[in-house]
Amino acid sequence: MSEKEIYREITRYIDGDLSKEEVEDLWAQFVDNPEYYKWFETELHLRDLAKKASESNIHSIHSDSEQKTPISFWKSSKGWILAAAAAVLISFGLQFHSNSDTLTYHPDSISQIDLNEMSGSDILRSEGDVSHTIDIEINRALASAYEDDSEGAVRKFRALLLQDPDPQQKARIELNLGILYYNMAVYEQATVFFETVTKTDAMNRFFTEKAWWFLGNAYLNLEMLKEAREAVHNAYTSDGRYVDPALSLLKKLDEELGNETNQADAAEMPED
């Protein structure tokens, strides 16, 4: 779909004009591109602000005909509403960052994991299939995370683990839980889920590489340096997207550990 078509579907969704299949397709778009979900969230804020403004008689400065025509009110008040919506969203962002600032983490670790690293499900199964339902619920839980409702997303993902997901679904759920717990600075829980993902045979090596990298950083934040080095080394030897940051972190860990037993590992590492 083009961006224009996505926006049209968002407005139809809010208006209640989408079929069940169209709703599922739109949620799949939200998961694939979190920016679309932000459009949806912003549109909801704008409509809510417009409604409150109307109820507060803010539109009384306009003519009687404009008061009777919602479209005219929207056009005349659009600048104020957009500004107010921006203020609301910035406020939410500042609140999130102020909360994050209180978290403590190792200076060499990643402070937060980008939510785009979370894993959604492709809704390709037959309708009515239990696995199909779980796929949809995974994506809805993911949307909660994108909406900055981390605790709500955790509750949904943990509930899904009790619904007998297939191995791929389980790996996705556990990776997502690990990321959420990591960003909440609950590193002990994060390591539990990342460790489980590293042992799965259901996903490709790039998926498990990601789990190794995040696991290493979680261990680092727990000051479990030897365990961190092992996990980061596994990410490094996966020879994927984390090879460079993993190499850099391995060198720092060896310095911090004062390792004298990593001659074989050092031989595997290219010189700077």
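Reply: One term before we start. Helices here are DSSP runs of H or I, at least four residues long, numbered from the N terminus. With that numbering, E223 lies in the loop between α10 and α11 (225-237). And keep in mind that this is a predicted model.

Me: How many helices and strands are there in the protein chain?
Reply: The chain has 13 helices and 0 strands.

Me: How much of the chain counts as buried?
Reply: Of its 272 residues, 43%. The chain exposes about 15,000 Å², and carbon and sulfur atoms supply 50% of that.

Me: And the contacts, what share comes from residues 24 or more positions apart?
Reply: They account for 59% of the contacts with a separation of 6 or more.

Me: Which residues have the most contacts inside the largest nonpolar core?
Reply: F30, F157, L175, F194, W213 and F214. That core has 59 residues. In soluble globular proteins, nonpolar side chains tend to be buried together.

Me: Take F214. What does it touch?
Reply: Leaving out residues up to four places away in sequence, F214 touches I110, I113, E117, L175, I179, Y182, F194 and Y242. Two of those, L175 and F194, are also on the list of residues with the most contacts inside the core.

Me: Now α10. Is it enclosed or exposed?
Reply: Largely enclosed by the rest of the structure, because 14 of its 17 residues are buried. The helix covers residues 205-221. From first C-alpha to last it reaches 24 Å, close to the 24 Å expected at 1.5 Å a residue.

Me: What caps its N-terminal end?
Reply: N204 does. A side-chain oxygen of N204 lies 3.1 Å from the backbone nitrogen of F206.

Me: And what follows α10?
Reply: E223, with a positive phi near 60°. E223 is not a glycine. At a relative accessible area of 51%, it counts as exposed, because the cut-off is over 50%.

Me: Where is D148, and what's its phi?
Reply: D148 sits in the loop between α6 (130-146) and α7 (150-161). Its phi is near 65°, again positive in a residue other than glycine. D148 has 49% relative accessibility, so it counts as partly exposed.

Me: How far apart are the end C-alpha atoms of α9?
Reply: 16 Å. That agrees with the 16 Å its 12 residues should span at 1.5 Å a residue.

Me: Then the loop between α9 and α10. What is A202 in contact with there?
Reply: P167 and Q168, leaving aside neighbours within four places in sequence. The C-alpha atoms of A202 and A171 are separated by 7.5 Å, at 31 residues apart along the chain. A202 itself counts as partly exposed, at 23% relative accessibility.

Me: Last one, S109. Which side chain does it make a polar contact with?
Reply: That of N221, at 2.7 Å. A polar atom of the S109 side chain also lies 2.9 Å from the backbone oxygen of H106.

Me: Where is S109 found, and is it buried or exposed?
Reply: S109 is in the loop between α5 (70-100) and α6. It is buried, with a relative accessible area of 10%. Not counting residues up to four places away, S109 touches Y182, N217, L220 and N221.

Key: Residues are numbered from 1 along each chain as its sequence is written. This is a predicted model: local features need pLDDT of at least 70, side-chain atom pairs count only at pLDDT 80 or more; totals for chains, interfaces and linings use all residues. Side-chain values use heavy atoms; hydrogens and water are left out. A nonpolar core is a set of buried Ala, Val, Leu, Ile, Met, Phe, Trp, Tyr and Cys residues joined through side-chain atoms within 4.5 Å. Buried means under 20% relative accessible area, exposed over 50%, partly exposed in between (1.4 Å probe, protein chains only). Contact means heavy atoms within 4.5 Å. Helices (H or I, at least four residues) and strands (E, at least two) are DSSP runs, numbered from the N terminus. The expected span of a helix is 1.5 Å times one less than its number of residues. A polar contact is a pair of N or O atoms within 3.5 Å; within protein, one must be able to donate a hydrogen and the other to accept it, and residues adjacent in sequence count only if both atoms are side-chain atoms. Accessible areas come from the Shrake-Rupley method with a 1.4 Å probe; for residues, only the protein chains shown count as cover.
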